[in-house]
Amino acid sequence: MKLYGIASSTCTGRVLLSLFEKEVEDFELVIVNVRKGEGKKPEYLRLQPFGLIPLLEDGDVTLYESRAIIRYIANKYEGQGTALYGKDIKDRAKVDQWLEVEGQNFNVAIRSSLGVVSKPPIDEALLTETLGKLGKVLDIYEDRLSNTQYLAGDFFSLADLSHMTTGWKLFDKYKQGSILFEGRPHVKAWWENISSRPAFKKLLEMI
């Protein structure tokens, strides 16, 4: 198995986390730095026509899009490591639902904020606006997490995992967590829980 990408990429990191949680050791990380144009090389474009990362090669299976890849990994290694899809079809449905929430709501909002804080000088008015939009998403999370330990239920899953790399960049690296967690104690507890997992610490060491 080959994973093309770079650990500091939020999307590649999402896949690495799934491999670590499933205790998969037999894979190779092939460094592809798209910022240096490496994704546009003809040999890479034959595998990933959009020229982006990550890309997974596993025998005759070639996959891109990180959320598709983590689903594949969770299914292939269902019998080992963390049960990232829960125990039954009802759990799986909830996991898939919250993966969609992450991709369609959380990810859109958090990337807007990351786009502001990662390019100094920071436009404070724009940051307030983007954090406000993310806060509305997190208000829904707060309500959900007041009833369950994790997003899909009382088990850690792909749904939680998919938030971790973008969440870390905004909440911790760019230190916006104290603002966003204010008045959202369940979101704060959830984040402190998932970001303390050994798999995540392993990823941070790679970064």
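1. E65 sits in the loop between β4 (61-64) and α3 (66-76). Helices (H or I, at least four residues) and strands (E, at least two) are DSSP runs, numbered from the N terminus. Although E65 is not a glycine, its phi is positive, at about 80°. E65 is partly exposed, at 48% relative accessibility; buried means under 20% relative accessible area, exposed over 50%, and partly exposed in between (1.4 Å probe, protein chains only).

2. On the basis of the note: this is a predicted model, in which local features need pLDDT of at least 70 and side-chain atom pairs count only at pLDDT 80 or more, while totals for chains, interfaces and linings use all residues. Residues are numbered from 1 along each chain as its sequence is written, and side-chain values use heavy atoms, with hydrogens and water left out.

3. A second residue with this backbone feature is E23, which has a positive phi of about 60° and is not a glycine. E23 belongs to the loop between α1 and β2. Its relative accessible area is 56%, so E23 is exposed.

4. The sheet is open and has four strands in the order β2-β1-β3-β4, with mixed pairing. Two strands pair if DSSP finds at least two bridges between them. Because β2 and β4 stand at the edges with a single partner strand each, one side of each has no neighbour in the sheet. From one strand to the next, the twist averages 20°. Axes here are lines fitted to C-alpha atoms, for helices over the stretch in contact, and angles run from 0 to 180 degrees between N-to-C directions.

5. How do β1 and β2 run, and how many bridges join them? Strand β1 (residues 2-5) and strand β2 (residues 28-31) are parallel and are joined by four bridges. The chain passes from β1 to β2 through helix α1 (residues 10-21), and this β-α-β crossover is right-handed. That term applies if, with the strands pointing away from the viewer, the path from the first strand over the helix to the second runs clockwise. L3 is opposite L29 in β2, and K2 has E28 of β2 as its bridge partner. In a regular strand, side chains alternate between the two faces of the sheet.

6. Contact means heavy atoms within 4.5 Å.

7. Two cis peptide bonds deserve a check by eye. The bond from I53 to P54 is cis, with omega near 5°, and P54 lies in the loop between α2 (42-45) and β3 (55-58). The bond joining P120 and P121 is also cis, with omega about 0°; P121 is in the loop between α4 (89-117) and α5 (124-145).

8. Which residues have the most contacts inside the largest nonpolar core? They are Y141, L170 and W190, in a core of 55 residues. A nonpolar core is a set of buried Ala, Val, Leu, Ile, Met, Phe, Trp, Tyr and Cys residues joined through side-chain atoms within 4.5 Å. Helix α4 gives the most to this core, with 10 residues. Apart from it lies another core, of five residues, which include Y4, V32, Y44 and I53.

9. Beyond its neighbours within four places in sequence, Y141 is in contact with W98, V101, E102, F106, L151, H163, V187 and W190.

10. Is Q176 buried or exposed? Q176 is buried, at 9% relative accessibility. It is placed in the loop between α7 (164-173) and α8 (177-181). Not counting residues up to four places away in sequence, Q176 touches V117, L127, L131, L170 and F171.

11. E78, in the loop between α3 and α4, is exposed at 56% relative accessibility. With its neighbours within four places in sequence set aside, E78 is in contact with K22 and R92. E78 and Y174 are 96 residues apart in sequence, and their C-alpha atoms are 35 Å apart in space.

12. On annotation, UniProt (unreviewed entry) records "domain: GST N-terminal" over residues 1-81. UniProt positions are given in the numbering used here, feature names are shortened, and annotations may be inferred rather than shown by experiment. In the model, this span of residues 1-81 is 33% helix and 20% strand, and its end C-alpha atoms lie 17 Å apart.
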